[in-house]
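Subject: Structure handover

Hi there,

As promised, I am passing this structure on to you. Have a look at it first, and then read my notes below.

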Amino acid sequence: MLGSAPVVPAPQVPRGAARAAIRRPGTLADDAPRYFDVLEPLLPTVRKPAQYVGGEHNQVVSDWGAAATRWLLCYPDTYEVGQPNQGIQILYEVLNERSTALAERAYAPWVDLEEHMRALAIPTFSLETHRPLWAFDVFGVTLPHELGHTNLLNLLDLGDVPIHAAERTLEDPVVVVGGHAAFNPEPLAPFIDVAVMGDGEQVTIDIDDVVRAFKDDREQGQQLTRHDLLRRLADVEGCYVPAFYEARYHEDGRLKQTVPIVSGVPSLVPKRTIQDLEEWQYPRKQIVPMTETVHERFSVEIFRGCTRGCRFCQAGMITRPVRERRPETVQKIVEEGVKDTGFNEVGLLSLSSADHSAIGSIARDLADEYEGTVTSLSLPSTRVDAFNVTLSNELARNGRRTGLTFAPEAGSERMRAVINKMVSEQDMLRTAEVAFSEGWRHIKMYFMVGLPTEQDEDVLAIADMGIRVYEIARKHGRANKVTISVGGFVPKPHTPFQWARQDSPEDIKRKLSLIRHAIKDHGGLKLRTNDPEEGVIEGLLARGDRRVAPAVERAWRLGARFDGWHEMPTLQTWTQAMEDTGVELDWFSYRERGENEALPWDHLDSGLEKSWLWEDWQDAQSDQQLDDCRWSECYDCGVCPGLSIQHDTGYDGGFALPILPSGLGGCGDLPTAPERYASGG
Ligand code: SF4
């Protein structure tokens with residue numbers, strides 16, 4: 001249904017030699033078709049049309065003909081969710097600063113535009129020049145979570161690129177994925193060419209060099225194949241080419257191992273780690289969105305990594321060690337960025353921003369700088385302690401003291417020991433007391449249910465903590481508010497909980513109803529919950545192996561898109577897809593794994609020793625906690641040896657925060673909706 005949109009015929013899609021010619025360096029800009037003229041008449045008929053237009057402040061339009069390599073960087077969700085993503089903006093700048101490369105961006109079209117695109121043969125297009133995906137050399141896709149997998153297939157298919165890597169030729173772009181979900185890319189193995197492990201900055205340059213040299217060699221007349229290109233990419237540290245590995249299974253269905261089948265590729269693919277954030281001061285020129293997005297602010301990453309050791313937190317585990325940005329660099333980036341972009345909010349980003357060793361001086365200096373202006377400051381993640389309230393007071397000098405968010409994650413002391421979230425109930429109550437007495441009006445607390453070893457009494461302790469904080473709130477003012485936000489836990493690879501069974505949606509629903517019932521007499525205490533079914537697909541894709549790939553394809557063919565969006569009938573579609581392909585949740589999600597079982601990501605090295613993760617899993621089950629290794633002893637997790645870096649523990653003039661007891665929020669913030677991932681680096 002095209003509504004009343006006037007139809008402009010789409011340019012013909014060139015094939016064979018004509019397409020190959022377009023992808024060679026030195027191509028005239030007009031040779032690669034552009035689709036804006038076809039798209040423009042359709043825009044009044046679709047939701048949020050400005051997301052497809054491009055032209056934002058700080059977008060870069062490079063000379064197509066002059067670029068030796070052309071990248072299309074993609075966040076596989078809508079513009080409003082993907083645009084603020086720091087990872088894409090960093091790589092966009094890194095690539096566009098290279099004199100030989102060009103990078104443009106793409107996001108997933110919402111279903112209304114997809115309908116038009118399919119009817120009129122409009123391919124997946126770039127925002128900058130509306131050129132088609134197939135005309136680029138590299139399709140670089142960030143996967144901050146698993147719920148964009150079907151969108152990735154859809155973008156490839158719409159972009160006239162075969163969804164199966166084995167069917168692609170040298171006329172097709174190389175499909176490279178990165179981001180946290182790339183640490184287990186096995187459910188996507190047949191669809192991707194390369195998965196990149198770890199920090200993206202340097203490895204992107206390395207990939208770009210390989211692609212450029214490969215194109216040069218072809219121009220020089222060398223007879224090369226796509227296999228040759230992938231073989232060269234497999235030599236880049238941090239690059240995993242799934243086609244060069246084979247998964248072998250025991251008769252009972254357990255994985256035996258995933259082994260190289262091409263000589264010379266590594267049996268254990270290491271992750272890349274940027275050693276000094278000071279050398280990578282990106283993004284400098286943040287793109288100002290054209291339309292509403294989930295985060296409209298100037299963001300600066302103040303440090304990378306986390307060593308708090310929360311056992312559920314994949315981000316914290318795979319980004320070790322901690323690397324801080326110098327306070328004066330943060331200040332400079334913010335000053336220049338605010339001036340350049342005109343944003344009136346600044347977000348200090350990291351997995352646990354209050355843990356920067358100089359956060360006090362960073363906050364004070366920025367607050368001094370912007371006092372009396374319209375620029376406000378925010379810490380997206382917050383620790384459960386009074387220091388955090390002081391910090392928030394400082395940051396809120398320009399604004400009203402409205403809401404503070406904390407993430408105790410679990411309700412009972414025992415459960416917090418299991419997940420290694422070092423915060424006591426006293427911490428939370430004291431923090432609430434300080435916050436409300438200093439004029440804050442609303443506290444929101446994040447929790448999870450479905451955690452390993454959880455009993456009903458642990459679940460009810462969430463309600464209990466909510467009620468106690470609510471009593472403090474009411475003591476300080478009848479209008480004060482408290483919200484408890486509860487989601488279902490999804491075990492992730494490369495964490496101590498990677499062996500755990502996941503709760504079914506029915507288990508989660510029952511636990512949520514226990515909380516709902518327990519707080520029913522406290523009308524002002526708000527409970528916010530996720531749809532328990534949301535975690536089903538995320539869990540399957542997080543820990544699935546290559547046998548899950550047919551279900552991904554089947555789900556996409558049945559219409560699955562935007563799997564993290566409430567609007568989409570995701571679970572029905574996926575249930576059908578799993579039935580059709582024989583994929584069982586009981587096997588992939590609802591059973592505990594044993595110590596000796598091979599895991600689908602064992603050949604991908606996050607730096608963490610599997611034996612250390614297993615020990616930590618045992619500690620979890622006996623309620624043993626570990627301090628933050630940044631401030632105490634090293635537990636030999638495996639990450640630091642081999643890197644010529646150590647954790648940053650404080651700059652001159654900075655100060656170290658107390659170690660214990662100081663719960664923190666942030667790294668495990670409740671997954672609620674697609675926007676929860678949008679600011680990830
Ligand atoms: S090797 Fe030691 S210091 Fe480094 S992250 Fe692991 S436990 Fe911490």
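Which residue in β4 does T142 stand opposite? The residue facing T142 in β4 is G178.

Before I go on, please keep in mind that this is a predicted model, in which local features need pLDDT of at least 70, side-chain atom pairs count only at pLDDT 80 or more, and totals for chains, interfaces and linings use all residues. Residue numbers start from 1 along each chain as its sequence is written.

The sheet

Strands β3 (residues 138–142) and β4 (residues 174–178) run parallel and are paired over 5 bridges. They belong to an open sheet of 6 strands with mixed pairing, ordered β2-β1-β3-β4-β5-β6. At its edges are β2 (101–107) and β6 (239–240), each pairing on one side only. Helix α7 (residues 201–219) packs on this sheet and touches β1 (69–75), β2, β3, β4, β5 (194–196) and β6, with its direction at about 140° to that of β1. Here strands count as paired if DSSP finds at least two bridges between them. Helices (H or I, at least four residues) and strands (E, at least two) are DSSP runs numbered from the N terminus. Axes are lines fitted to C-alpha atoms, for helices over the stretch in contact, and angles run from 0 to 180 degrees between N-to-C directions.

The domains

The protein chain splits into domain 1 (16–270) and domain 2 (277–544 + 600–677), with bounds from an automatic or database domain assignment. Their C-alpha centres are 31 Å apart. The contact (C-beta atoms, placed from the backbone, within 7 Å) involves 39 residues of domain 1 and 40 residues of domain 2. On the domain 1 side, α3 (79–82), α4 (86–96), β8 (255–260) and β9 (269–270) each supply at least two residues, and α4 gives the most, with 5 residues.

A buried histidine

H494 sits in the loop between β17 (481–488) and α16 (505–518). Why is H494 called buried? H494 is buried because 21 other C-beta atoms lie within 10 Å; the cut-offs are 20 or more for buried, 12 or fewer for exposed, and partly exposed in between, with C-beta atoms placed from the backbone. Leaving aside neighbours within four places in sequence, H494 is in contact with F183, Q314, M317, I318, W601, S606 and L608. The C-alpha atoms of H494 and P569, 75 residues apart along the chain, are separated by 30 Å.

Definitions and conventions:
Contact = placed C-beta atoms within 7 Å.
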